[in-house]
Amino acid sequence: MTVRPTPGLRQRVRDVLAAPGNQAEIESCVGLPWAPGTYRALGRARLLAPDWPREYGGGGGSVADAAVVAEELALAGVPDTARVNTIENAGTTLLTAGDDRQKARYLPAMAAGEVFFSVLYSEPGAGSDLSSLRTTAVRDGDGWVLDGTKIWNVRSELAAYGICAARTGPPEPAGAERFTSITLFVVPLDTPGVRVERVGSLNPEAFTQVTFDRVTLGADAVVGEVGGGWPLIGGALGAERTGINFYGRARRWLDRLVARLRRDGADVDWRQLAALHHDLEAARALCDRAVALLAAGRCTDADLAAAKWRASELAQRVALLGWEHGVADPALTTALAEAPGLTLAGGTSEILLGTVATALLDPATTDGERGTGADWRTELRGHFTRAVAEAAHSERPAEVLRVRGEKERWLPPTRPAHQGGLGAGETETVALAEEIGRAGLPPDTLTADPALRNPLSHTGYLLGLGYRATGLAAARAGRRVQFGERIANYQGLTLPLAADVVRLDAAVARLAELCRGTEGGEEVTADAAMLLAAVARDGVRACLRAIQVHGAFGLTDESGVADCYRHTVAMSGVTARRAAVPAGPRRPCPTGPSPRELAARRTRPEWNDTAASFPGNRCVHELFEETVCAHPDAPALVSGDRTMTYRELNHRANRLATVLRRHGAGPGELVGVCLERSPEMIVAVFGVLKSGAAYLPLDPDYPPDRLAYMIEDSGTRLVCTQDWMREWLPDRGPLLLAMDDLDAGEPEPDPPRRATARDLAYVIYTSGSTGRPKGVEVEHAGVVNRMCWDQRVFGLGPGDTVLQQTSLSFDISVWEIFAPLLTGGRLLLAKPGGQRDPAYLMRLIADERVTALGLTPSLLDVLLDLEPGLGDCPDLRYVFSGGEELTSPLCARFFEHTKAELDNFYGPSEATVDVTWWRVTPEDVERGIPIGRPLSNVRVHVLDEDGLPVPAGLAGELHVAGAGVARGYRGRPVLTAERFVPDPFGSPGERLYRTGDLVRHRPDGALEFLGRLDEQVKIRGFRVEPGEVEEALRSHRQVRQAAVCAVDRPGTPARLEAFVVGEDGSEPDGDRLRAWLGDRLPSHLVPAGVHPIPALPRAPSGKVDRAALLAGHLAPAPTGHGDLPPEHRPLGELVAGVLGVPEVGPDDDFFRLGGSSLQAARLVHRVGRELGVDLPLGAFLRRPTVRGLAVALTGESA
């Protein structure tokens, strides 16, 4: 995994540093924590905090940008203590937890290089042991009084502020894993009572001691929550511990030393220096990996500790070399002075190795295995793991691998996918070699395939042996007892073992770089040979250590580590004997093969061979006008007892278009459609399109605040509505055109064309993770392509009837409306609100002889329960499922009930309704229902974190290209650029939409949906970002913090649960908050429950621990049917059966237990079917409990 910085960033930093004034300052600032003028120059260029938001003076980039700046400053010799303390530590904390006022006050000055923050955590006699924290902050009215002493802070007399950790509650008990009494404060260091004193030390940058003597602070000095400081401290240390700045120092010192030794013609051991160079480059690769993991949000404490330890340990070795070789050089003299402190800053080497050792001895604390198999896709290993295990029990392991690999077509690994192979490159081949080593197989096993007989594969094999040895040693250390104690408790054993693992991890990271270089056609032979030699050296060391851990038992064949040592030594004959020390700056990280090359190798070209002709220069309404000409007097739509022909519908739409144009509608403009489901709604849609504008669905069921936001955010100036709806819409802003007042008038011809196929057809708002819904802009061309594909595949036309029952704000409505009306079919409109009554829909489908039906799986599930049902609709030909995952059990029920065809669709709004399609058959029930293959002129790519294709069978993020990709998000250029990225597989200018969905290709090319890469969920087919609901809750005056979690249990529809922390320790009323949300958010965004809690649980990273929230505060548990009177127990069993819970109590709220409106409809139907009693749905909704149900059925009083 790699992460790419902003193009040109590195050169921009170098240009600033090379300016004459800055260069002179850098050379003269020895002993200072910063170079003030240089910092300010970097700040002006937005380079000091390149990953911060631009509104706070940053560059708006990524953590990769921050790593580039840190590396370049270190390479140039710029003091970085002030940057680390101010930007990476204090700045990260303020960005994470500071309030808006704190961010606005401090961050811009920090990013500009104008102020220096001191980090005030460590204390005399305690160092960084925060469990021994003695500085206290005691409440004093609305403020605080701070007392205590901090030490080991560099040049605090130059700092304007300190970010200070203080205890605000009683100490935690011994052995506590979390510290809940530590709070962070921003302290101006010129405040009365603050004293700063120098402390004599070896450190070139002088230490200071800061004392607080009854320092008075305001309430606004608190950063984040009171008692929430511990996870913030850990989170800020993450940016500091990538180790990249230590690498930069060591690289600068080593290059300086080599240049001096060469100039002086010194007689030195160049092989030793060459080995150190390659060790340093491996450490650099490990730092890069930590940065990439940070960027992906998957970095563990052990990952950071490993990167920082390896880089700082090597930096210290390099710092001593000038002294060892007697080289007199100012830079190397400074390095010698810095050497003692290099392995102390940011955590001592022992603490860092202890963190790695903990992960090694308890693998459950990490995200997965170490090694190339962890960096690459672990799914690939399923192709050969069983074969490797079989070979381990054979006398001829190479032959076993070769025979099975050729039979299963994963050997040779480089065979392209279109020839039935894996399409593997060097990375995957090395992963196979590593598996052979992990299995402990002998070196000659590598003869199974020629691809395994090169230095990179040999290196992978040795790494596998090393990981096998250290893994066996870790397991042995946990079991072996000496003198009554597990040997895992001895640091003298576990820390060196952890160091061995880190060296292997660094080699793995470097090996991944070289593999990418090879795949990209770069020459890496010399580097590969040196890495092989280094891994052989470190592998032998790791095996020896593993034998020591085992004791004498380690010398036996039974131990497993003896074979690891034997095989590692046997491979030593292929290691490099000589190598030169490369001079000059480090080469750029290899980029590997292009995405297009990998796609050709790893996937089958025919999977994306979707090109088909369609009228790409036509607009949607123009196709409708052609249909009007072909079928003028055919029924176009039916609503209750109203029927409208194509001629009449077109006439009314033309009339509306004329009115809209008169009011300024045209290309680039939006016209809102806020109408109940009715013929007028369809007239409005076509009238807007004919005017040249795009329509904006405004669901009348949405709260007025939501509608007002959408109108304002989209810049909508006209809204088609009805008189009685005016009160729901803003009284100022858009012009409201009442469809009631639209004069039928004389027939008008189709208006002259204004819009083109590249103009917008509609804008649909979807949930936004930042709390702001976002409008997806969809062009005519995408809709036309979708409808033309539909016509080719399903052939809808005259004689077909399509039911329109979804909200206009749900993009399934696009298909419902246009599929029949562009082909001469009949559009059947459900009555307003009818979509919430499945029994009504079922009667309508049967009575009106519907032939094609679009449903979410949730609604299909309920309809299959009804009698009469879908099986009683002989005219029904097609059921199209979309919006949610279609499961095998639901499909099995479908095929039991009806002979209609079932088709599964997948597609986000950003890709014009649908992207892929699959015709479901009974045979699919057994192996799972895929989301299928792409529609015509749509292409799909399954990519890894680097944007590179993954082979079939491996998971990756789905990216969509082609005719259906939307224009972007209205008024959101940054978000658009983030989600709509350049398409490396297509023509120049084409884009990919990053869906955020995790999928994989089956061998037949069909896609399987595996889940989301973020927290987005589907509720009743609508995309929901929990962050939007959280933001709404936080806007309530009684709520200080909020977290919203999705609950998606088998057998029950997905729902949201909200958790809130009240202001000033108060406990908000959850039911009132839920009702308050209902007035502001659409119903699918309103949580099933709102739960007040004292504090949000936090993970060590500082993020909300959502798993802990759900574990401790799931929706109320049913009270049990033991309290139900005997005559009510059948009702209780029906309710429990619908909810999928064991039992319910008489007063358990149906919806608080996770029920939905569709489940309520299912319950009412089952009551009627099994108890023979008709019950109106509204009666149950008014009192949704078993007791209320009994009252509604019997009429007895409560």
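This is a predicted model: local features need pLDDT of at least 70, side-chain atom pairs count only at pLDDT 80 or more; totals for chains, interfaces and linings use all residues.

To bring them up, select H278, D279, A282, A283, R310, R503, A506, A507, L531, A534, V535 and D538. Which helices supply at least two residues each to that lining? Color α9 (270-296), α18 (491-519) and α19 (525-550), and you have them. The space inside has a volume of about 70 Å³. How many cavities of 30 Å³ or more does a search of the whole structure find? The count is 7. If you wonder how such gaps turn up, rolling a probe the size of a water molecule over the atoms shows where empty space is left.

**Next stop: a helix**

Now select residues 63-76, which make up helix α4. Is α4 mostly enclosed or mostly open? Because 11 of its 14 residues are buried, α4 is largely enclosed by the rest of the structure. The buried set is A64, D65, A66, A67, V68, V69, A70, E71, E72, L73 and A74. Show the partners too: the buried residues of α4 pack against α1 (9-18), α3 (36-44), α5 (81-97), α8 (244-264) and α9. Before moving on, click G77, which follows α4 and has a positive phi near 80°.

Jump to L332, which sits in helix α11 (residues 330-342). Buried or exposed? L332 counts as buried, because its relative accessibility is 6%, below the 20% cut-off. Who touches L332, once you leave aside neighbours within four places in sequence? Its contacts are W253, R256, L257, A319, G322 and V327. While you're here, draw a line from the C-alpha of L332 to that of L320: the two are 12 residues apart along the chain, and the line comes out at 8.3 Å.

**Zoom out for the domains**

Color the chain by its domain assignment: domain 1 is 234-341, domain 2 is 612-779, domain 3 is 1025-1114 and domain 4 is 1128-1194. How far apart are the C-alpha centres of domain 1 and domain 4? They lie 68 Å apart.

P868 belongs to the loop between α29 (857-863) and β22 (878-881).

Now move to the loop between β23 (901-906) and β24 (916-920), where you'll find T912. Its phi is positive, near 60°, and T912 is buried, with a relative accessible area of 2%. V913 is in the loop between β23 and β24 as well. Phi of V913 is near 75°, again a positive value in a residue other than glycine. V913 counts as buried too, at 3% relative accessibility.

Conventions
Residues are numbered from 1 along each chain as its sequence is written. Side-chain values use heavy atoms; hydrogens and water are left out. On a 1 Å grid over the protein atoms alone, a cavity is a set of points where a 1.4 Å probe fits but cannot get out, and a pocket is an open set with protein on both sides within 12 Å along at least five of seven lines; lining residues have an atom within 4 Å of a point. Grid points are joined across faces, edges and corners, and a volume is the space filled by probe spheres set on the points. Helices (H or I, at least four residues) and strands (E, at least two) are DSSP runs, numbered from the N terminus. The expected span of a helix is 1.5 Å times one less than its number of residues. Buried means under 20% relative accessible area, exposed over 50%, partly exposed in between (1.4 Å probe, protein chains only). Contact means heavy atoms within 4.5 Å. Domain bounds come from an automatic or database domain assignment.
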